[in-house]
Amino acid sequence: MVKYAREPANSTKSAKAKCTDLRVHFKNTRESAMAIKKMGLLQAKQYLEDVLEHKRCIVFRRFCGGVGRTAQAKNEGSTNGQGRWPKKSVEAILYLLKNAEANAETKGLDIDSLYVSHIQVNQAQKGRRRTYRAHGRINAYMSCPCHVELTLSEKEAPVAKNDAKTPKLTKRQLAAIKA
């Protein structure tokens, strides 16, 4: 049994998926994950497929140094207009969504009412390589892999509000009723 950062509130109504040491950039994957947080499962899958086809973009909010601007980012609610289409990261998250969907089907959950209740991206141990520079020097040439985990949960049905409005009674009124 693998450990997750957050356990779902109702484990019978949710499905989990996890991937460790993915060879995809941490920063791109984090931005892609934040883009689908709290989205419905079907909407998230459609959004990521549109990103792969360059119809929509992933908005870069935190790791946005040197990221170019695009008109698609404005449509996604970006304040700075910066966005990209990180193919490898999107494919990894799409694979994880499909895996969690299969886990949900195995549990017998309703696919149409699932949404991404939790998604988290952590940095993994860096892969060390080296590159050769001028004058006989050597520099580090690191990869920045990541761990990704997500939880799909069924939407809770809203509790019906009690329509009968009973007026508040004072102590004197309550005593009069009792007598």
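Modeller: Helices (H or I, at least four residues) and strands (E, at least two) are DSSP runs, numbered from the N terminus. This is a predicted model, in which local features need pLDDT of at least 70 and side-chain atom pairs count only at pLDDT 80 or more, whereas totals for chains, interfaces and linings use all residues. Residues are numbered from 1 along each chain as its sequence is written, and side-chain values use heavy atoms, without hydrogens and water.

Colleague: Where is the place of threonine 70, and is threonine 70 buried or exposed?

Modeller: Threonine 70 lies in the loop between β2 (58–59) and α3 (71–75). Leaving aside residues up to four places away in sequence, threonine 70 touches Cys57, Gly81, Gly83 and Trp85, contact meaning heavy atoms within 4.5 Å. Buried means under 20% relative accessible area, exposed over 50%, and partly exposed in between (1.4 Å probe, protein chains only). With a relative accessible area of 18%, threonine 70 is therefore buried.

Colleague: Which order do the three strands of the open sheet have?

Modeller: Two strands pair if DSSP finds at least two bridges between them. β4 and β7 (residues 146–154) run antiparallel and are joined by nine bridges, with valine 116 having leucine 152 in β7 as its bridge partner. The pairing in this open sheet is antiparallel, and the order is β1-β7-β4.

Colleague: Why is one side of β1 and of β4 left without a neighbour in the sheet?

Modeller: β1 (14–22) and β4 (114–123) each have a single partner strand, so one side of each lacks a neighbour because both stand at the edges.

Colleague: At what angle do α1 and α4 pack?

Modeller: Asn28, Thr29, Ser32, Ala33 and Ile36 in α1 meet Ser89, Val90, Ile93 and Leu97 in α4. Axes are lines fitted to C-alpha atoms, for helices over the stretch in contact, and angles run from 0 to 180 degrees between N-to-C directions. The two axes are 9 Å apart, and the angle is about 50°.
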